[in-house]
Every structure is written in C-alpha cells, then in structure tokens.
Amino acid sequence: MELNELEQAFEQAYKKAAEAVYFSPGRVNLIGEHTDYNGGYVFPCALSFGTWLLLARNTEKVMRFKSLNMPEVTELALSTLTTPLPANHWVNYPLGCIAQFIKRGVSIEQGYDILIWGNVPAGAGLSSSAALEVVTAYAMNDQLGTGYDRTQLALIGQASEHEFAGVNCGIMDQFASAQGKKDHAIFLNCDTLEFELVPVKLEGIKVVISNTHSPHKLDSGAYNDRVAQCQLALKQLRTVRPELKNLAELTEAEFEQIEQAITDPIAHKRARHVVGEVQRTTDAVKALRRGDIATFGKLMCQSHVSLRDDYEVTGLHLDTLAEEAWKIEGVIGSRMTGGGFGGCTVSLVKDEAIPVFIEQVGKAYEEKTGIKPDFYIAEIGDGARRIA
Ligand code: GLA
C-alpha cells in the first residue's frame with residue numbers, strides 16, 4: 001500500500017486526517033539463533049517489509065486501535081492502558097508498549113486514534129510482532145517527547161512481548177527493528193547490547209527468504225520451553241562454575257570440561273547448541289568481514305544442523321527447504337531463521353542460481369509437504385522511523 005492509500009484509509013476510519021505516520025521493519029536473522037536470551041551474539045538485518053502506524057490526537061481521553069486487516073475498532077479509556085486484553089488479541093502488542101511508558105513513570109493524558117497496517121507475512125518468523133511493538137514504541141516516544149533511544153525502545157517492545165503476549169523472547173527482533181540500517185546486518189552482543197553494523201553488500205549474491213507457510217507457533221509454549229531448558233542447564237553448570245552469568249560465556253572447550261554437570265539430557269543438548277552457535281556467529285561475522293563468503297555459508301548450514309538435532313526447533317517443513325537448498329549449485333548457505341517450528345529459511349544464493357533455486361526447492365518442497373512455498377529476495381532496510 002502507498003502512503004496516500006494509508007492516509008485515505010485513516011480518514012475513512014476516523015473521519016479526520018492522520019497527523020503523523022511511522023514505520024518499523026521486520027527482520028531476518030542471518031546466523032545466531034536462540035542465543036539472544038542466553039546472552040550470546042546474533043546477526044540479524046532489518047527488512048523493507050514492516051508495519052506502518054498512523055495516528056491523530058483525539059479529545060475523548062481514549063486510545064482507539066484499528067488494523068486494516070480487521071473490521072472493528074478497539075477503544076480503551078486512558079485509565080485502563082496497563083491492563084492486557086484477553087490472550088491473543090492483536091491490540092495487546094501495541095497496548096503492551098504503551099503500558100511500558102506508563103510503567104516507566106510517563107503519564108499519558110492525551111488520547112490517540114491509531115491505524116495499523118503491515119506487510120510482513122504473518123506467522124513467517126520474520127518478526128511482524130516486533131515490528132508492531134517497535135513502531136508503537138517509536139510513535140509514542142515521538143508524540144510524548146520521552147527521549148528514549150532506540151535501544152530503550154527495543155527493550156520496551158521486548159517487555160511488552162513478555163508481559164502482554166506471554167512470550168519470554170530475547171531482544172533480537174525488537175533490536176533489529178529499532179536499530180536496522182540499510183544494507184547492513186547488526187552484530188549484537190545480547191548481554192551488553194553493544195553492537196556493530198556490518199555491511200552486507202554481496203557481489204553477485206542475494207539473501208533469499210523461503211516461506212514454509214507452516215505457521216511458526218512461537219506462542220505455543222515450545223519457545224518458552226526452550227528458554228526454561230537453557231535456564232536449567234545454566235543452573236546445573238553453576239554447581240561447578242558458580243560465577244557463570246549465562247551459557248553464551250562458555251567457549252566450546254570450556255563447555256566440554258564441565259558439560260557433565262548438566263544431568264538433564266535435553267537441557268544438555270540445548271546448551272551444546274547455544275555454545276556452538278555463539279562460536280559460529282562470531283566466526284561467520286569474521287568471515288564476512290574478510291570477504292570469505294564460502295565460510296559464512298558453511299557456518300549457516302552447520303547452524304541449521306545444530307538447530308535440527310540439538311535444539312529441535314526445525315521439523316519437516318524447515319528441514320525440507322534447507323536440505324533441498326543445500327543440493328543446489330550456487331547456494332552458499334541455507335538455514336532456518338527466527339524461532340523455528342515453521343516460518344522461513346534464509347539462504348545466500350548466487351544471482352545466476354536463483355531461478356533454479358526457486359524452481360527446484362519449490363517443487364521438492366511441494367511434493368513433500370503439499371504446500372506451495374513463497375520466495376522473497378530480501379531487501380535490507382533501515383530501522384524504525386517517522387515517515388510523515
Ligand atoms: C524469536 C525470538 C527471538 C529469538 C529467536 C531465536 O524470534 O523473538 O528473541 O530468540 O526467536 O533466535
């Protein structure tokens with residue numbers, strides 16, 4: 001949708017003109033999966049897909065929320081903004097962010113009429129919810145003049161996800177949405193929140209996202225189970241390394257020395273993934289910096305294998321897409337991206353191999369699963385911003 005169409009839709013919904021328009025993107029993670037809530041490294045980039053938020057002030061002391069995908073308007077009195085709506089109500093995402101401002105001592109006296117529209121494919125693991133959270137946090141920050149920086153806005157989005165959506169996610173998605181930069185990936189230390197922007201302009205190679213169209217069910221509890229299993233592993237490792245702050249601090253060699261302290265076999269596998277993935281992420285970024293894209297691709301494939309075998313967050317759909325991609329000449333690397341259980345893979349593919357990739361991976365996937373996948377050439381875009 002074009003900006004003027006969104007503005008018209010706002011006028012139609014609220015019978016007045018929008019006063020401001022904001023945008024925040026979805027993300028794709030190149031490598032570093034399920035490391036963020038373990039204090040490890042991630043390497044995501046913001047996409048050109050995202051969520052738009054239009055707003056205008058009202059005089060009725062209410063917040064009104066309308067999504068272009070739903071017919072109804074949800075209206076909430078300003079005095080009720082810290083109370084979540086019933087589980088799974090989409091308004092919990094923006095509402096949870098507004099509640100975070102109030103929790104931080106900001107008083108909200110002004111009502112707003114808000115219209116939302118997004119083009120991140122839903123349920124694809126490309127962080128449509130983070131885009132919605134961050135665009136809300138960005139817009140409120142701008143309107144209320146609270147002066148939070150982008151990292152704080154990401155933390156507001158993450159807190160909203162924990163408290164209003166019930167997912168104990170790490171910081172990666174909201175951070176990428178807030179801090180993204182065109183043609184760069186974000187090498188983020190999720191413990192300290194220090195980050196570097198690394199250029200991802202690849203000569204003759206594209207980042208291709210393949211959508212399983214099998215929902216990633218992030219809120220199904222399997223994600224929170226993984227978080228809990230990592231916490232258990234950490235707790236057991238602390239019996240021999242009391243000062244250990246998080247799993248990601250351990251090198252692979254250090255882990256091997258103390259891994260027998262983890263008595264739970266599932267927790268042990270989860271921890272092994274995390275420690276290996278942090279190493280792979282660091283190695284991958286080093287390789288990219290020296291222009292060694294082949295090593296980067298190999299590490300992507302190893303990441304997928306570890307997520308499949310040790311972290312167990314892939315399944316038939318993601319495995320088929322990745323494994324079919326590996327067979328094709330001109331594919332530098334391919335892996336699942338995001339939380340897993342469905343959603344998307346991310347692949348680095350040589351320009352000349354893209355048509356074959358789409359045809360062969362698409363055909364094999366459809367034969368195996370009965371679902372037609374979708375393919376997008378990723379455009380790496382900027383983070384949250386005001387558009388008008
Ligand atoms: C989801 C979460 C992120 C991160 C990834 C896995 O996208 O929201 O915080 O944990 O899964 O890397």
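Modeller: A salt bridge is taken here as a side-chain nitrogen of Lys or Arg within 4 Å of a carboxyl oxygen of Asp or Glu. The model under discussion is predicted.

Colleague: How many salt bridges does the rule find across the interface of domain 1 and domain 2?

Modeller: The domain assignment gives domain 1 as 3–199 + 382–386 and domain 2 as 205–377. Across the interface of these two domains, the number of salt bridges found by the rule is three.

Colleague: What is the N to O distance in the salt bridge of Arg335 and Glu33?

Modeller: The cut-off for a salt bridge is 4 Å. The side chains of Arg335 and Glu33 meet in such a bridge, with an N to O distance of 2.6 Å.

Colleague: What area do domain 1 and domain 2 bury between them?

Modeller: In the interface, 35 residues of domain 1 contact 44 residues of domain 2. Polar contacts between the domains come to 18 residue pairs, both residues at pLDDT 80 or more. Carbon and sulfur atoms carry 65% of the buried area, which is about 3,000 Å².

Colleague: Which residue in strand 7 is the bridge partner of Tyr41?

Modeller: Three strands form an open antiparallel sheet in the order 2-7-8, with strand 2 (41–42) and strand 8 (195–199) at the edges. Strand 2 pairs with strand 7 (residues 184–189) over two bridges. The partner of Tyr41 in strand 7 is Asn189.

Colleague: At what angle does helix 8 run to strand 8?

Modeller: Helix 8 comprises residues 265–289 and lies across strand 2, strand 7 and strand 8. Its angle to strand 8 is about 45°.

Methods
Residues numbered from 1 in each chain as written. Predicted model: local features only at pLDDT ≥ 70, side-chain atom pairs only at ≥ 80, totals over all residues. Heavy atoms only, no water. Pairing = 2+ DSSP bridges. Helix = DSSP H or I, 4+ residues; strand = E, 2+ residues; numbered from the N terminus. Contact = heavy atoms within 4.5 Å. Axes fitted to C-alpha atoms, helices over the stretch in contact; angles between N-to-C directions. Domains from an automatic or database assignment. Buried area = accessible area lost by both parts, 1.4 Å probe. Polar contact = N/O pair within 3.5 Å; in protein donor to acceptor, adjacent residues only side chain to side chain.
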